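Good morning, and thank you for making time for this presentation.

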Amino acid sequence: RFLAVTSSSLFVMALDDVTHAVCNSHIQERLGCGWGSTQTTLHKYSTPAILTGLGRDVVWIDFDVFLVGPDPTPYILGIADKTSADVVLAGSLETLCMCNGIFFARATSQVQRWLVHVVEWLYNHPYDSDQKTFAALLNGSEVVDIACPLTAERIPKSAILDPVIQFPNAATTDDNGWVGDLAEMVTFHIMAGEGDAW
């Protein structure tokens with residue numbers, strides 16, 4: 001679906017043999033496939049850290065995010081440019097909650113170092129929620145093991161995508177859902193994971 005609605009390149013980080021084989025069977029000029037030797041959420045942050053270090057802007061989209069409308073990239077880059085943010089991510093309908101099912105990371109040295117810090121933090125604190133850690137290390141409203149250890153100048157400027165109409169989440173928690181016109185929806189985050197339950 002992604003390749004059908006966008007002219008952007010796609011890199012799929014596969015965490016199992018089946019997904020990797022399916023990805024490789026569709027390989028083409030705009031599609032690259034990576035394979036994680038272990039099934040860990042660290043790939044979600046190490047892959048963008050590597051790509052931003054190589055000078056590539058990254059839009060990460062979880063597998064449980066459905067592309068409803070046109071290419072989401074111009075919408076995401078538009079918010080980044082309008083707000084001068086180097087990290088842009090989804091939000092929540094009713095709370096000040098950051099949702100990293102979709103996030104943009106601009107290829108700057110500050111963002112790359114920050115992503116490396118996210119990976120390091122998660123590796124050393126595996127019992128913390130990766131989403132809450134991501135938000136906490138952006139100085140967001142989430143609370144993890146300890147307060148954000150980064151000084152303000154090391155935290156990239158962030159912005160939130162429209163969680164009400166364009167980038168909503170399924171009503172799997174009390175603070176999510178959707179209100180709006182389907183014609184204006186860009187993505188829909190199904191939120192298929194266990195989240196805080198595990």
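I begin with a group of charged residues: Asp-81, Asp-86 and Arg-106 are joined in a network of salt bridges. Please bear in mind throughout that this is a predicted model.

Arg-106 and Asp-86 meet through their side chains, with 2.8 Å from N to O. Arg-106 sits in the loop between β6 and α5, and Asp-86 in the loop between α4 and β5, so this pair ties together parts 20 residues apart in sequence. The second salt bridge of Arg-106 is with Asp-81, where the closest N and O atoms are 3.6 Å apart. Asp-81 belongs to helix α4, so here the parts tied together are 25 residues apart in sequence.

Asp-86, by contrast, is buried, because its relative accessible area is 17%.

In the loop between α4 (73-83) and β5 (87-90) we also find Ser-84. Its phi is near 55 degrees, a positive value in a residue other than glycine. With a relative accessible area of 51%, Ser-84 is exposed.

How many salt bridges does a search of the whole structure find? The search finds 3. One of them joins the side chains of Lys-44 and Asp-62, at 3.1 Å from N to O. This pair links distant parts of the chain, 18 residues apart: Lys-44 is in helix α3, and Asp-62 is in the loop between β3 and β4 (65-67). Lys-44 counts as buried at 9% relative accessibility, and Asp-62 also counts as buried, at 18%.

That brings me to helix α3. Its buried residues are His-43, Lys-44, Tyr-45, Thr-47, Pro-48, Ala-49 and Thr-52. What do they pack against? Their partners are β1, β3 (58-61), β6 (99-105), α5 (109-124) and α6 (130-136).

Leaving aside residues up to four places away in sequence, His-43 touches Met-13, Leu-15, Gly-36, Ser-37, Thr-38, Pro-48 and Trp-60. After α3 comes Gly-55, which has a positive phi, near 85 degrees.

Strand β1 (residues 10-14) and strand β2 (residues 31-35) run parallel and are joined by 5 bridges. Within this pairing, Phe-11 stands opposite Gly-32 of β2. Together with helix α2 (residues 17-25), β1 and β2 make a right-handed β-α-β unit.

Finally, the chain as a whole. It has 6 helices and 8 strands, which run from the N terminus as α-β-α-β-α-β-β-α-β-β-α-α-β-β. Of its 198 residues, 42% count as buried. The chain exposes about 10,400 Å², of which carbon and sulfur atoms supply 57%. Among contacts between residues at least 6 apart in sequence, 57% join residues at least 24 apart.

A word on confidence: the chain averages a pLDDT of 79, and 80% of the residues score at least 70. Where pLDDT is low, the predicted coordinates should not be read in detail.

Thank you for your attention.

Key
Residues are numbered from 1 along each chain as its sequence is written. Side-chain values use heavy atoms; hydrogens and water are left out. Two strands pair if DSSP finds at least two bridges between them. Helices (H or I, at least four residues) and strands (E, at least two) are DSSP runs, numbered from the N terminus. A crossover is right-handed if, with the strands pointing away from the viewer, the path from the first strand over the helix to the second runs clockwise. Buried means under 20% relative accessible area, exposed over 50%, partly exposed in between (1.4 Å probe, protein chains only). Contact means heavy atoms within 4.5 Å. Accessible areas come from the Shrake-Rupley method with a 1.4 Å probe; for residues, only the protein chains shown count as cover. pLDDT is the predictor's confidence in each residue, from 0 to 100. A salt bridge is a side-chain nitrogen of Lys or Arg within 4 Å of a carboxyl oxygen of Asp or Glu.
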